[in-house]
Amino acid sequence: MKEILRKQGEPIVMRLEYDILKKLNEEELKGGEDSFLFPKVKSYREENGVGIVEMEYIDGVTLNQISYASKKQWVLWMQEVAKGLVCLHSLRPAVLWCDCKPENLIVDKQKQIHLIDFNRGCYLIKGIPKEIYGTKMYAAPEQIQGNLLDERTDIYGFGATFLSMPLPWNWFSLKRILKKCVEPRKENRFQTASELLYELRKLRVF
């Protein structure tokens, strides 16, 4: 474990983030990954009514701080984030991130991207959530309206995130993929993160 980051907050929220990261770490280890998309979690404890999570500190910059990256690098980052969504949605019970945005995507010194901040992540909701999750600029209509959330909610956040980036090219095939992600009606988006990842991997990058 590298440098440690200590996060603290409401116990029920911090415990949820710990549980999610622990499951994700276990899945990545089982998959024999060479690099990890999620911070490695170390421990959880409570002190004086405060929940404390200790995890790996990711030394890098947020996606919106990237001044330049090649076409190939941007597509690789998109593929990796989509892969992260597949991991989240494949957990049992499945987990929705609910807050995909540039500030929650960290690029380290090796140019590996990481998904962070799950203290508002929620297990897959089978009913209407009790509170509104996410950041308005990247939130799907169903989040803002307080309606039923599902995997397609994260797909909207993915598309909104990368459409907000100053991508240095005009590439119809990629824009078609991203615009499909942000369709207002869920049935018009990609239906799963696996489907989104498949389309991203079909892109020809020269």
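**Note on the two sheets of the predicted model**

1. E4 and strand E6, residues 105-108, are joined by three bridges and run antiparallel. Within this pair, Gly60 has Asp108 of E6 as its bridge partner. The model is a predicted one, and the points below should be read as descriptions of that prediction.

2. The pair belongs to an open sheet of three strands, ordered E4-E6-E7, with antiparallel pairing. Strand E4 (60-62) and strand E7 (113-115) are the edge strands, and each pairs on one side only. On average, neighbouring strands here are turned by 30° against each other, direction ignored.

3. Helix H2, residues 71-90, packs on this sheet and touches E6 and E7. The direction of H2 makes about 25° with that of E7.

4. Another open sheet of three strands has the order E1-E3-E2, and its pairing is antiparallel. Strand E1 (4-9) and strand E2 (41-47) each have a single partner strand, so one side of each lacks a neighbour in the sheet.

5. E1 is joined to strand E3, residues 50-56, by six bridges, and the two run antiparallel. Ile4 has Glu56 in E3 as its bridge partner.

6. Helix H1, residues 11-30, lies across E1, E2 and E3.

How values were computed
Residues numbered from 1 in each chain as written. Predicted model: local features only at pLDDT ≥ 70, side-chain atom pairs only at ≥ 80, totals over all residues. Heavy atoms only, no water. Pairing = 2+ DSSP bridges. Helix = DSSP H or I, 4+ residues; strand = E, 2+ residues; numbered from the N terminus. Contact = heavy atoms within 4.5 Å. Axes fitted to C-alpha atoms, helices over the stretch in contact; angles between N-to-C directions.
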